[in-house]
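Please open the structure in a viewer and keep the selection panel at hand.

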Amino acid sequence: MAQYVEVVAYRPEWRAVYEKERERIAAILGRNLLEIHHIGSTSVPGLWAKPIIDIMPVVERIGGVDRYNHGFETIGYECMGEFGIPGRRYFRKGGEKRTHQIHIFERGNRRDIIRHLAVRDYLRAHSDEQAAYGALKRELAERYPYDIAAYCDGKEAFVQALEQRALDWYQACRAV
């Protein structure tokens with residue numbers, strides 16, 4: 001059976017779930033870890049989201065991450081390598097009912113790091129954009145409850161435009 005596309009109202013406990021997992025990830029990555037961020041829709045208070053916690057550690061050396069795979073496996077993660085994004089290490093937890101995703105980038109990969117932070121911060125600061133994005137996700141989940149590819153395709157143009165607005169805003173804020 002196809003995976004059910006679930007989009008739910010924001011849950012305040014997502015922050016605590018992130019904090020708990022953050023500690024576990026930090027213990028695994030040790031001295032290679034430079035910073036760690038809660039990203040994605042569950043990091044934006046008020047935003048409807050798939051209940052999956054997205055976490056973005058930033059490390060000194062991406063090549064050193066692979067030696068930690070066993071540590072991630074012991075806390076329930078599946079190690080996926082780059083998984084379509086060069087320079088990233090991707091881990092997922094929860095199997096068919098995914099609960100967490102980790103996107104690890106090396107500190108020199110400013111493009112991908114800033115892209116994630118810009119969208120998160122932009123949605124936190126722009127309630128109108130947050131409402132529009134949440135409404136789109138709810139509509140697509142209702143229209144395609146068992147078709148994750150159609151759900152993602154339906155968001156693609158909106159997300160690309162959102163990302164560009166977020167990057168423009170983020171750069172303007174940093175220039176001040």
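**Conventions**

This is a predicted model, in which local features need pLDDT of at least 70 and side-chain atom pairs count only at pLDDT 80 or more, whereas totals for chains, interfaces and linings use all residues. Residues are numbered from 1 along each chain as its sequence is written, and side-chain values use heavy atoms, with hydrogens and water left out.

**Stop 1: the largest pocket**

Next, colour the chain by secondary structure; helices (H or I, at least four residues) and strands (E, at least two) are DSSP runs, numbered from the N terminus. Which element gives the most to the lining of the largest pocket? It is α5, with ten residues. At least two lining residues each come from β4 (88-93), β5, α3 (110-125), α4 (127-143) and α5 (148-175). By class, the lining comprises 21 nonpolar, nine polar and 16 charged residues. Here Ala, Val, Leu, Ile, Met, Phe, Trp, Tyr, Cys and Pro count as nonpolar, Asp, Glu, Lys and Arg as charged, and the others, Gly among them, as polar.

**Stop 2: the loop between β1 and β2**

Select threonine 42 and leucine 47. Leucine 47 lies in the loop between β1 (33-39) and β2 (53-59), and threonine 42 is also placed in the loop between β1 and β2. Are they buried or exposed? Leucine 47 is buried, at 0% relative accessible area, and threonine 42 is buried at 1%. Buried means under 20% relative accessible area, exposed over 50%, and partly exposed in between (1.4 Å probe, protein chains only).

Show the side chains around threonine 42: its own side chain makes a polar contact with that of histidine 38 (2.9 Å). A polar contact is a pair of N or O atoms within 3.5 Å; within protein, one must be able to donate a hydrogen and the other to accept it, and residues adjacent in sequence count only if both atoms are side-chain atoms. Leaving aside neighbours within four places in sequence, threonine 42 is in contact (heavy atoms within 4.5 Å) with residues including Tyr10, Trp14 and Lys50. With residues up to four places away not counted, leucine 47 touches, among others, Val8, Tyr10, Trp14 and Tyr133.

**Stop 3: histidine 100**

Move to strand β5 (residues 100-106), where histidine 100 is found. Histidine 100 is buried, with a relative accessible area of 8%. Its side chain makes a polar contact with the side chain of threonine 99 (2.8 Å). Beyond four places in sequence, histidine 100 touches residues including Glu21, Tyr77 and Phe91.

**Stop 4: salt bridges**

A salt bridge is a side-chain nitrogen of Lys or Arg within 4 Å of a carboxyl oxygen of Asp or Glu, and by this rule the count comes to 16. Begin with glutamate 21 and arginine 24, whose closest N and O atoms are 3.5 Å apart in a salt bridge. The two are separated by about one helical turn, because they are three residues apart in helix α1 (residues 13-29). Glutamate 21 is buried at 3%, whereas arginine 24 is partly exposed at 32%.

Then select arginine 115 and glutamate 163, whose side chains meet in a salt bridge (3.6 Å, N to O). This pair links distant parts of the chain, helix α3 and helix α5, 48 residues apart. Arginine 115 is buried at 17%, and glutamate 163 is partly exposed at 22%.

**Stop 5: phenylalanine 83**

Finish in the loop between β3 (77-79) and β4, where phenylalanine 83 is found. Phenylalanine 83 has a positive phi of about 50 degrees although it is not a glycine, and it counts as partly exposed at 45% relative accessibility.
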